Amino acid sequence: MLTRRNSTLTTFVSKFLAINRSQNVCAFLQVRDCRLVSLLDLALEKEYVRGKIADFLNHLISIGVAGFRLDAAKHMWPGDIKAILNKLQNLNTKWFPSGTKPFIFQEVIDLGGEAISVNEYLGNGRVTEFKYGAKLGNVIRKWNGEKMSYLRNWGEGWAFMPSDRALVFVDNHDNQRGHGAGGAAILTFFDSRMYKMGVGFMLAHPYGFTRVMSSFRWTRNFVNGKDVNDWIGPPRNSDGSTKPVSLNPDTTCAGDWVCEHRWRQIKNMVIFRNVVDGQPFSNWWDNASNQIAFGRGNKGFIVFNNDDWHMDVTLKTGLPAGTYCDVISGQKENGRCTGIQISVGSDSSARFQISNTAEDPFVAIHVNAKL
């Protein structure tokens with residue numbers, strides 16, 4: 001039987017009537033008003049409870065916190081969330097410009113066709129776009145007939161939420177372990193070659209606000225298709241305490257600390273994204289299969305070869321003429337390239353040769369990596 005925690009009949013009825021009658025009323029009430037597994041609910045409809053939560057968040061803001069992820073927002077009424085967020089102060093001017101609001105994003109799992117939609121939460125801040133990682137994983141794995149050439153209209157064209165509301169990621173702490181949404185299509189560090197392509201594409205493409213994952217390794221043990229070790233926590237000492245993160249000479253993490261954000265390819269693509277910020281999506285090219293390329297205005301250009309054959313093409317990049325360092329195979333250091341060099345001609349064209357057997361079958365160049 002459905003029960004309502006600490007609620008007045010008036011509140012219950014008003015929320016009930018607010019529901020679109022064409023949708024599954026029982027699902028709305030069960031997801032938002034019943035307990036999430038064994039977790040207790042807070043009476044978010046009560047002003048006292050809202051005030052206590054806002055007081056705590058404002059304390060965090062006062063000591064320098066810049067924003068909040070709202071876990072399991074799908075299991076809370078959007079109006080209750082909005083009432084709490086309306087009580088939040090601006091960020092502390094000791095560290096942030098005057099008038100800066102905290103960054104908010106809400107975890108709402110919606111792969112489409114569900115009773116509760118991400119659209120109900122867009123007015124409160126950014127919302128997790130779980131379809132992003134699931135569909136991109138299918139494309140890069142080349143499952144179900146998907147091809148990278150289909151990514152030309154990536155974003156809203158794939159029935160995603162508006163870009164200025166979306167929080168996007170290739171994987172997260174849940175679905176990399178088979179929890180939550182996406183299933184086997186989700187790319188993780190265990191599939192490092194495809195994973196780097198997926199994260200590289202995400203950071204180069206303008207859709208959404210991107211989040212980069214940083215993980216630790218565990219030993220997977222599949223029984224009937226399920227990883228029974230999906231509960232394992234971070235590297236730990238014999239007394240159960242978490243081991244400190246140790247670094248290799250190249251600044252990547254050692255031991256079972258994965259630290260994807262420190263991988264050269266991903267770190268350099270974060271830089272790429274910052275360099276091309278605000279630039280339009282441009283100069284798309286594809287071979288009608290799994291070789292694609294696109295630019296970001298006159299600031300950056302990226303090329304992928306996810307086909308089973310060698311790639312050798314000359315493409316218009318939109319970049320000024322000059323010699324550029326590929327930031328995937330290496331980077332610009334002390335006035336030289338540690339990896340591949342790409343020459344861009346006076347007509348902005350450049351030749352790209354990418355082996356289908358390369359560990360990193362993509363190339364990225366940007367104006368800050370120009371010699």
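**Figure 1. Helix 6 and helix 7 run roughly parallel to each other.** In this predicted model, the axes of helix 6, which spans residues 192–204, and helix 7, which spans residues 264–275, come within 9 Å and cross at roughly 10°. Because angles under 35 degrees count as roughly parallel, the two helices are described in that way. Two packed helices are in general described by the angle between their axes together with the distance between those axes. On the side of helix 6, the residues that take part in the contact are Tyr195, Lys196, Val199, Gly200, Met202, Leu203 and Ala204, and on the side of helix 7 they meet Gln265, Ile266, Met269, Val270, Phe272 and Arg273. Sorted by kind, the residues of this contact divide into 9 nonpolar, 2 polar and 2 charged.

**Figure 2. Cys253 and Cys259 are joined in a left-handed disulfide.** A disulfide is a covalent bond between the sulfur atoms of two cysteines. The sulfur atoms of Cys253 and Cys259 lie 2.0 Å apart, and the torsion about their S-S bond is about -90°, so the link is left-handed. Cys253 is buried, with a relative accessible area of 9%, and Cys259 is likewise buried, with a value of 5%. The count for the model comes to 2 disulfides, and when the bonded cysteines of the protein chain are numbered in sequence order, the pairing reads 1-2, 3-4.

**Figure 3. Cys325 and Cys337 form a disulfide between two strands.** The sulfur atoms of Cys325 and Cys337 are 2.0 Å apart, and with -85° about the S-S bond this link is left-handed. The pair links distant parts of the chain, since Cys325 belongs to strand 12 (residues 322–325) and Cys337 to strand 14 (residues 336–337), 12 residues apart. Both Cys325 and Cys337 are buried.

**Figure 4. Ser215 is a buried residue in a loop between two strands.** The loop that holds Ser215 lies between strand 5 (209–210) and strand 6 (222–223). With a relative accessible area of 4%, Ser215 counts as buried, because the cut-off for that term is under 20% relative accessible area. The side chain of Ser215 makes a polar contact with the side chain of Gln176, at 3.1 Å. Leaving aside neighbours within four places in sequence, Ser215 is in contact with Gln176, Phe189, Trp257, Val258, Cys259 and Glu260. Among these partners, Cys259 is also a member of the disulfide with Cys253.

Figure 5. When neighbours within four places in sequence are left aside, the residues in contact with Thr323 are Gln341, Ile342, Ser343, Ala369, Lys370 and Leu371. One of them, Ala369, is 46 residues away from Thr323 along the chain, and the C-alpha atoms of the two are separated by 8.7 Å.

**Figure 6. Helix 4 is mostly covered.** The buried residues are Pro78, Asp80, Ile81, Ala83, Ile84 and Leu85.

Definitions and conventions. Residues are numbered from 1 along each chain as its sequence is written. This is a predicted model: local features need pLDDT of at least 70, side-chain atom pairs count only at pLDDT 80 or more; totals for chains, interfaces and linings use all residues. Side-chain values use heavy atoms; hydrogens and water are left out. Helices (H or I, at least four residues) and strands (E, at least two) are DSSP runs, numbered from the N terminus. Buried means under 20% relative accessible area, exposed over 50%, partly exposed in between (1.4 Å probe, protein chains only). A polar contact is a pair of N or O atoms within 3.5 Å; within protein, one must be able to donate a hydrogen and the other to accept it, and residues adjacent in sequence count only if both atoms are side-chain atoms. Contact means heavy atoms within 4.5 Å. A disulfide is a pair of cysteine sulfur atoms within 2.5 Å. Axes are lines fitted to C-alpha atoms, for helices over the stretch in contact, and angles run from 0 to 180 degrees between N-to-C directions. Angles under 35 degrees count as roughly parallel, over 145 as roughly antiparallel, 65 to 115 as roughly perpendicular and the rest as oblique. Ala, Val, Leu, Ile, Met, Phe, Trp, Tyr, Cys and Pro count as nonpolar, Asp, Glu, Lys and Arg as charged, and the others, Gly among them, as polar.
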